[in-house]
Amino acid sequence: MDEKTRSRNRLEPYVLFGIETSFASDYLDTLTRLGVEVAAGVLTGPPPWSLRGIPVVLHPEEISHLLLELPVVLCPVTPKGRGEAHLRALSLGFSRFIPVVDPTAVVPGGIYAGQGLFINANATLGAEVELDDFVTVNRAASVGHHTVLEAFATVGPGATLASQCRIGKRVMIGAGAVVAPNVRIGDGATVAAGAVVFREVEAGATVIGNPARLSKRAKDDSITESP
Ligand SMILES: CC(C)(COP(=O)(O)OP(=O)(O)OC[C@H]1O[C@@H](n2cnc3c(N)ncnc32)[C@H](O)[C@@H]1OP(=O)(O)O)[C@@H](O)C(=O)NCCC(=O)NCCS
């Protein structure tokens, strides 16, 4: 099946990968709102607390060639979990990591949006935002104009990134955090839930509070780890 045929077939079912994470339920709800069926969920860890609504649950060794043809979404919400799921999914033969945008999200035309990203319900993006591969913008988060989110960055529910911020690879922005205009957050950093960040955050650091202060520095491998 070529890409043109695939894009015409808007209602082909998706595969949910890594359904042991509770965030799989949010994906399921968004796909339901989009009118997209779920062909199967793939369980890659200990059984989840809920498999509600997932029609077929498979373990990685049970995946058929037909399923590998379908679009797949990576369910883990943390950058680390999603990075590991990505490598696992690639090694099993999945290759179609299609962006998923909830129909209630506000997404201006013309933004750059990479493969495998997820924009959850009621998120709002400003003009000229750039979202790299596997970025997640969670429920009701707001991303200001000209902000750049690099690969695997995750914006927690209700967080606000003001304009022209640069959020590095694998950064985790906690629920309800605020990042002031023009601030850069280094690769692999964590911004705590509710933190208010006015200054650059160094790679791999954890910052907490208002105004945000350093809570932990990086371990070396947390900055260099792939992807
Ligand atoms: C900041 C965070 C990453 C934990 O970082 P940590 O450095 O491992 O922190 P610890 O749990 O060891 O706690 C260290 C101290 O910071 C405090 N602390 C933890 N999180 C805090 C927060 N969000 N705001 C203020 N203080 C916080 C703890 O109470 C503790 O205080 P104490 O030393 O006086 O007991 C985590 O608490 C957090 O906020 N994660 C974001 C979760 C989230 O929003 N996810 C979105 C889901 S989609």
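This is a predicted model: local features need pLDDT of at least 70, side-chain atom pairs count only at pLDDT 80 or more; totals for chains, interfaces and linings use all residues.
The division itself places domain 1 at residues 10-92 and domain 2 at residues 100-210, and the C-alpha centres of the two domains are 23 Å apart.

**The largest nonpolar core**

- The largest nonpolar core has 62 residues, and the members that touch the most others are Leu16, Phe17, Val179, Val191 and Val197.
- Strand β1 (residues 14-17) gives the most to this core, namely 4 residues.
- Because domain 1 and domain 2 both give residues to the core, the core lies between them.
- As a general background to such an arrangement, nonpolar side chains in soluble globular proteins tend to be buried together.
- Phe17, one of the members that touch the most others, is in contact with Val42, Val72, Val73, Leu74, Cys75, Ala85, Ala89 and Phe94, when residues up to four places away in sequence are left out.

**The sheet that contains β1**

- Four strands form an open sheet in the order β3-β2-β1-β4, and their pairing is parallel.
- The edges of this sheet are β3 (57-58) and β4, each of which pairs on one side only.
- Between β1 and β4 the parallel pairing extends over 3 bridges, and Leu16 stands opposite Val73 in β4.

**Helix α2 and its cover**

- Within helix α2 (residues 24-34), the buried residues are Ala24, Asp26, Tyr27, Leu28 and Thr30.
- The cover over these buried residues includes β1, β2 (38-42), β4 (72-74) and β5 (100-101).
- After α2 comes Gly35, which has a positive phi near 80 degrees.

**Tyr27 as a point of contact**

- Tyr27, which lies in helix α2, counts as buried because 26 other C-beta atoms are within 10 Å, where a count of 20 or more is required.
- Apart from neighbours within four places in sequence, Tyr27 is in contact with Leu16, Val73, Cys75 and Val100.
- Tyr27 and Val100 are separated by 73 residues in sequence, yet their C-alpha atoms are 8.5 Å apart in space.

**The shell around the ligand**

- The ligand is surrounded by 15 residues, of which the closest are Gly156, Gly174, Ala175, Ala192 and Ala193.
- At least two residues of this shell come from each of β21 (206-208) and β22 (213-216).
- By class, the shell around the ligand consists of 6 nonpolar, 8 polar and 1 charged residues.

How values were computed: Residues are numbered from 1 along each chain as its sequence is written. A nonpolar core is a set of buried Ala, Val, Leu, Ile, Met, Phe, Trp, Tyr and Cys residues joined through C-beta atoms within 7 Å. A residue is buried if 20 or more other C-beta atoms lie within 10 Å of its own, exposed if 12 or fewer, and partly exposed in between; C-beta atoms are placed from the backbone. Domain bounds come from an automatic or database domain assignment. Two residues are in contact if their C-beta atoms, placed from the backbone, lie within 7 Å. A residue is near a molecule or strand if its C-beta atom, placed from the backbone, lies within 6 Å of it. Ala, Val, Leu, Ile, Met, Phe, Trp, Tyr, Cys and Pro count as nonpolar, Asp, Glu, Lys and Arg as charged, and the others, Gly among them, as polar. Two strands pair if DSSP finds at least two bridges between them.
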